[in-house]
Amino acid sequence: MKVCGIEIKGSEAIIAVAMLEGQALGHVALATKKIALDDDDEAANVKVFAAQVASFVRENAIDRIAIKKRSKKGEFAGGPTTFKIEGVFQLLESCEVTLLSPQTINAQSKKHDFELPGTLNKYQHEAYKAACSALVKK
């Protein structure tokens, strides 16, 4: 099973794909590391973003998506663009989408000691942990 972990920051969906082989978690290195939404005030841009997301999921045979949740209020609340991006992923019909709290991801990471592969860029670490958390949680 391939799980795509996503951390949404600003106007970008940062992507890392993990796979469970037997009992071992592994990183699936892909050329696409993030998908950006340019000027979300324009409906055409949101549609282009949605098409990019759908083709990414289809081309890479993603079974599930795990998104790191952002706070809806308070000092560290996610911006409106981040929630638009989240909505686009949730509207995908081809795969199951799960929202995971940062606390859940950290707890699973400590419990299972996710090893961060060298094939990941530093900015992909949280997305990878989200994918791994979804894999071990199911």
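Ala 61 sits in the loop between H1 and S5, and that loop is a friendly place to start our walk. Helices here are DSSP runs of H or I with at least four residues and strands are runs of E with at least two, numbered from the N terminus. Although Ala 61 is not a glycine, its phi is positive, at about 50°. Its relative accessible area of 47% makes Ala 61 partly exposed; on this scale buried means under 20%, exposed means over 50%, and partly exposed lies in between, with a 1.4 Å probe and protein chains only.

Before going further, a word on what you are looking at: this is a predicted model, in which local features need pLDDT of at least 70 and side-chain atom pairs count only at pLDDT 80 or more, while totals for chains, interfaces and linings use all residues. Residues are numbered from 1 along each chain as its sequence is written, and side-chain values use heavy atoms, with hydrogens and water left out.

Now turn to the loop between S4 and H1, where Asp 39 has its place. Asp 39 is another residue other than glycine with a positive phi, near 35°, and with a relative accessible area of 44% it is partly exposed. Further along, Asp 41 is found in the loop between strand S4 (34-36) and helix H1 (43-59). Asp 41 counts as exposed, at 67% relative accessibility. Together, Asp 38, Asp 39, Asp 41 and Glu 42 form a surface patch of negative charge. Such patches are made of residues with over 30% relative accessible area and no salt bridge, with like charges joined within 9 Å and nonpolar side chains (Val, Leu, Ile, Met, Phe, Trp, Tyr) within 5 Å. Lys and Arg count as positive and Asp and Glu as negative, while His and the chain ends are not counted. Each charge is placed at NZ of Lys, CZ of Arg, CG of Asp or CD of Glu.

Because Asp 40 lies in the loop between S4 and H1 while Lys 84 belongs to helix H2, the pair ties together parts that are 44 residues apart in sequence. Asp 40 is buried, with a relative accessible area of 16%, whereas Lys 84 is partly exposed at 35%.

That contact is one of seven salt bridges found in a search of the whole structure, a salt bridge being a side-chain nitrogen of Lys or Arg within 4 Å of a carboxyl oxygen of Asp or Glu. Another joins the side chains of Lys 68 and Glu 7, at 3.9 Å from N to O. Lys 68 lies in strand S5 and Glu 7 in strand S1 (residues 2-9), so this pair ties together parts that are 61 residues apart in sequence. Both ends are buried: Lys 68 has a relative accessible area of 15%, and Glu 7 has 10%.

For positive charge, look to the surface patch where Lys 69, Lys 72, Lys 73 and Lys 137 gather. Among them, Lys 72 has its place in the loop between strand S5 (64-68) and helix H2 (80-90). At 72% relative accessibility, Lys 72 counts as exposed.

Gln 124 lies between helix H3 (102-112) and helix H4 (125-137). Its C-alpha atom is separated by 19 Å from that of Val 97, 27 residues apart along the chain.

Finally, how many disulfides does a search of the whole structure find? The search finds zero, where a disulfide would be a pair of cysteine sulfur atoms within 2.5 Å. For Cys 4, the closest cysteine sulfur is in Cys 95, at 8.2 Å, too far for a bond. For Cys 132, the closest cysteine sulfur is in Cys 4, at 12 Å, again too far for a bond. Cys 4 counts as buried at 2% relative accessibility, and Cys 132 counts as buried at 0%.

Methods. Accessible areas come from the Shrake-Rupley method with a 1.4 Å probe; for residues, only the protein chains shown count as cover.
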